[in-house]
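The model is shown first.

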Amino acid sequence: MSTDFSIRPVGIPAPIQIVTTSNAAANEAVQTDLPVSQTVAAADTGAPVRNDVPNHENISRQVVFDQAAASFVFQVVNDRTDTVVNQFPDEAMLRRRAYFHALDMKSEPSRPLSTDVSA
């Protein structure tokens, strides 16, 4: 029996706001050894953050059962290229689960088939 019971959310990750560092606060900051393009400044609070889910017309979702790992795999697939964009659990986790599943199958004592015949 596997000891891996990690649960993670599945779906499209929430979009994040990209913060540019060359703004008025960075230009007026105290002189440093770094150029302005490489400094870190406070985020501009005037720009609203949008949490809209982008429209992915070429994306589909599918669920596949991996027999070696004995678990379901949730995949986001690009329909045009048929490539997996994202999947849960990832390949490393599937290999780990397949390894532990193989160990579990090997360690189970082989039981004889029931040949009980009531006569």
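Of the 119 residues of the protein, 14% count as buried. The model is predicted, not experimental. Its secondary structure comes to 2 helices and 3 strands, and along the sequence these elements follow the pattern α-β-β-β-α.

**Helix α2**

Helix α2 spans residues 91-107, which gives it 17 residues. From its first C-alpha to its last, α2 reaches 24 Å, close to the 24 Å expected at 1.5 Å a residue. The buried residues in α2 are M93, L94, R97 and D104. Viewed down the axis of α2, these buried residues fall within an arc of 95 degrees, so they line one face of the helix. A general point applies here: an α-helix has 3.6 residues a turn, so residues three or four places apart point the same way. On the face of α2 turned away from the buried side are the exposed residues R95, Y99, K106 and S107.

**The nonpolar patch on β1 and β2**

V63, F65, F72 and F74 make a nonpolar surface patch of about 400 Å². Two strands contribute to the patch: β1 (59-66) and β2 (71-78) each supply at least two of its residues. F65 counts as partly exposed because its relative accessibility is 44%, between the limits of 20% for buried and 50% for exposed. F72 is found in strand β2.

The structure holds 2 aromatic pairs. One of them is formed by F65 and F72, with 5.1 Å centre to centre and 65 degrees between the planes. The pair is edge-to-face, a class that applies because the angle between the planes is over 60 degrees. Both F65 and F72 are also members of the nonpolar patch.

**Loops and backbone geometry**

Which residues have a positive phi without being glycine? A70 has a phi near 55 degrees, and D82 also has a phi near 55 degrees. In general, most residues other than glycine have a negative phi, and most peptide bonds are trans. A70 is placed in the loop between β1 and β2, and D82 in the loop between β2 and β3. A70 is partly exposed, with a relative accessible area of 37%, whereas D82 is exposed, at 61%.

The peptide bond from F88 to P89 is cis, with omega near -5 degrees. P89 lies in the loop between β3 (83-88) and α2.

Q67 is found in the loop between β1 and β2 and is exposed, with a relative accessible area of 66%. T81 is found in the loop between β2 and β3; at 48% relative accessibility, T81 counts as partly exposed.

The pairs are listed below.

| Pair | Separation in sequence | C-alpha to C-alpha distance |
|---|---|---|
| A70 and R97 | 27 residues | 7.6 Å |
| T81 and N58 | 23 residues | 9.1 Å |
| Q67 and H101 | 34 residues | 9.7 Å |

In the remaining pair, T81 belongs to the loop between β2 and β3, with its C-alpha 9.1 Å from that of N58.

How values were computed: Residues are numbered from 1 along each chain as its sequence is written. This is a predicted model: local features need pLDDT of at least 70, side-chain atom pairs count only at pLDDT 80 or more; totals for chains, interfaces and linings use all residues. Side-chain values use heavy atoms; hydrogens and water are left out. Patches are made of residues with over 30% relative accessible area and no salt bridge: like charges are joined within 9 Å, nonpolar side chains (Val, Leu, Ile, Met, Phe, Trp, Tyr) within 5 Å. Accessible areas come from the Shrake-Rupley method with a 1.4 Å probe; for residues, only the protein chains shown count as cover. A salt bridge is a side-chain nitrogen of Lys or Arg within 4 Å of a carboxyl oxygen of Asp or Glu. Helices (H or I, at least four residues) and strands (E, at least two) are DSSP runs, numbered from the N terminus. Rings of Phe, Tyr and Trp (its six-membered ring) pair if their centres lie within 6.5 Å; planes under 30 degrees apart count as stacked, over 60 as edge-to-face and the rest as tilted. Buried means under 20% relative accessible area, exposed over 50%, partly exposed in between (1.4 Å probe, protein chains only). The expected span of a helix is 1.5 Å times one less than its number of residues. The arc is that of the directions from the helix axis to the C-beta atoms.
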